[in-house]
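Good morning, and thank you for coming. Please look at the sequence and the model first.

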Amino acid sequence: MDTAVSPASISLRQAVLDALIAGVLALIVFGPISGLVLDGYSVKNELQRPLMIAGLIMLARFLLAVLMQTAFGRHTLTRLQAGRAMQVTVASVKANRYLYWLIPLAAAAALIAPFMLTKYWLTVLILALIYVLLGLGLNIVVGLAGLLDLGYVAFYAVGAYGLALGSQYLGLGFWTALPLAALTAALFGVVLGFPVLRMHGDYLAIVTLGFGEIIRLVLNNWLDFTGGPNGASAPAPTLFGLEFTRRASDGATFHEYFGLAYNPNLRYIFTYLVLFVIVCGMIVFVTRLRQMPMGRAWEALREDEVACRSLGINHVLVKLSAFAMGAMVGGIAGVFFATYQGFVNPSSFTFFESALILAIVVLGGLGSTVGVIIAALVLTILPEMLREFAEYRVLVFGILMVLMMIWRPRGLIRLKRPAYDVEGL
């Protein structure tokens with residue numbers, strides 16, 4: 001079959017028109033952003049940058065318009081549209097066999113990494129694992145249960161301030177505050193879940209957004225208790241009472257007890273290793289939970305709440321359990337954030353954090369654990385590697401979101417049902 005396309009069948013006029021429209025839109029978007037630069041109290045005109053960007057976009061749009069009129073372009077577009085129509089696929093047994101050697105290799109590399117990296121990159125990895133934990137927690141609420149939560153950062157703040165204020169007023173340490181902060185965050189999740197039991201979609205998103213802002217404003221304005229904008233200090237983690245400081249405030253230090261030379265990275269290495277174990281345990285927990293009746297109920301609620309209730313499933317319990325489980329994971333992540341940073345204040349828990357965590361879940365794939373992990377690592381490590389383009393971080397982030405919604409609306413990793421080998425039965 002001849003799939004060649006004659007030059008006459010390609011409309012160059014339409015391609016040029018599409019390129020001109022794309023160029024005009026690019027100038028409208030990029031002109032004020034990159035063409036007008038603040039220089040003290042004056043505005044410097046640097047329109048050559050948006051003009052260059054618009055020219056590149058026009059060229060790319062022209063080539064894309066020509067490509068889409070060829071047989072190869074139409075075939076590619078048909079495949080992409082067919083892929084978007086598929087909601088859930090079933091994984092074959094043989095397709096998952098590569099995980100048996102890939103997972104141990106990834107775990108070994110992750111365990112070796114903290115001993116090979118500098119302090120800076122070690123802290124970046126810790127932050128990346130914290131966002132992996134946050135993505136896994138929000139994935140329970142949004143990806144599995146289908147409840148759009150724009151105030152998830154509130155549970156993150158509850159966990160962080162649980163460690164800081166618990167240490168300040170009750171003398172709690174890292175290991176004591178970890179389960180208590182998780183339970184407190186889960187309680188806050190239930191408190192949020194009750195008023196929104198009958199809400200869906202945009203209304204649910206607005207209420208949860210308001211909840212997140214209420215928590216931040218309370219932390220910011222309750223000066224006598226939380227310290228307000230000044231924040232509160234958080235204690236460093238210890239191992240059986242051994243501190244990772246140069247000199248111990250109470251007891252002994254880790255390096256003195258074991259007769260080692262003092263290394264300021266020991267604290268971060270220990271935090272990373274504990275966090276890595278918690279993340280691995282949470283991955284196993286969420287994966288197993290999806291296969292249990294509770295996880296099946298969450299997915300049934302996500303697909304159709306009316307059908308879910310008609311089958312006799314208690315939708316109140318299902319929603320509250322999703323909010324509580326997701327909030328619990330967020331509280332654990334908050335404890336690690338506080339002990340990693342050594343200090344917390346309300347400016348760390350803004351709406352942008354909630355949007356970033358939600359973007360991790362959406363980009364990774366709703367309900368996909370592997371996709372959430374990949375997206376969290378990319379969105380936290382990649383900006384640090386591209387520090388020269390820090391001023392365009394939010395712009396690139398928005399473009400990435402738009403492209404993902406067009407070409408991969410189900411995320412990087414599509415949700416797959418597990419397959420079972422029935423050979424020999």
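Helix 15 and helix 16, the latter covering residues 369-385, pack at an angle of about 130 degrees with their axes 7 Å apart. Axes here are lines fitted to C-alpha atoms over the stretch in contact, and angles run from 0 to 180 degrees between N-to-C directions. Helix 15 is therefore oblique to helix 16; angles under 35 degrees count as roughly parallel, over 145 as roughly antiparallel, 65 to 115 as roughly perpendicular and the rest as oblique.

A word on the basis: this is a predicted model, in which local features need pLDDT of at least 70 and side-chain atom pairs count only at pLDDT 80 or more, while totals for chains, interfaces and linings use all residues. Residues are numbered from 1 along each chain as its sequence is written, and side-chain values use heavy atoms, with hydrogens and water left out.

In the contact (heavy atoms within 4.5 Å), helix 15 contributes L356, A359, I360, V361, L363 and G364, which meet G371, V372, A375, A376 and L379 of helix 16.

Helix 15, residues 351-364, also packs with helix 5, residues 119-144, at about 75 degrees, the axes being 9 Å apart. Helix 5 is thus roughly perpendicular to helix 15.

Finally, where is P237? P237 lies in the loop between strand 4 (232-233) and strand 5 (238-239). P237 is buried, at 2% relative accessible area, buried meaning under 20% with a 1.4 Å probe, protein chains only. P237 and F336 are 99 residues apart in sequence and 9.3 Å apart in space, C-alpha to C-alpha.

Notes. Helix = DSSP H or I, 4+ residues; strand = E, 2+ residues; numbered from the N terminus. Buried < 20%, exposed > 50% of the residue type's maximum accessible area, 1.4 Å probe, protein only.
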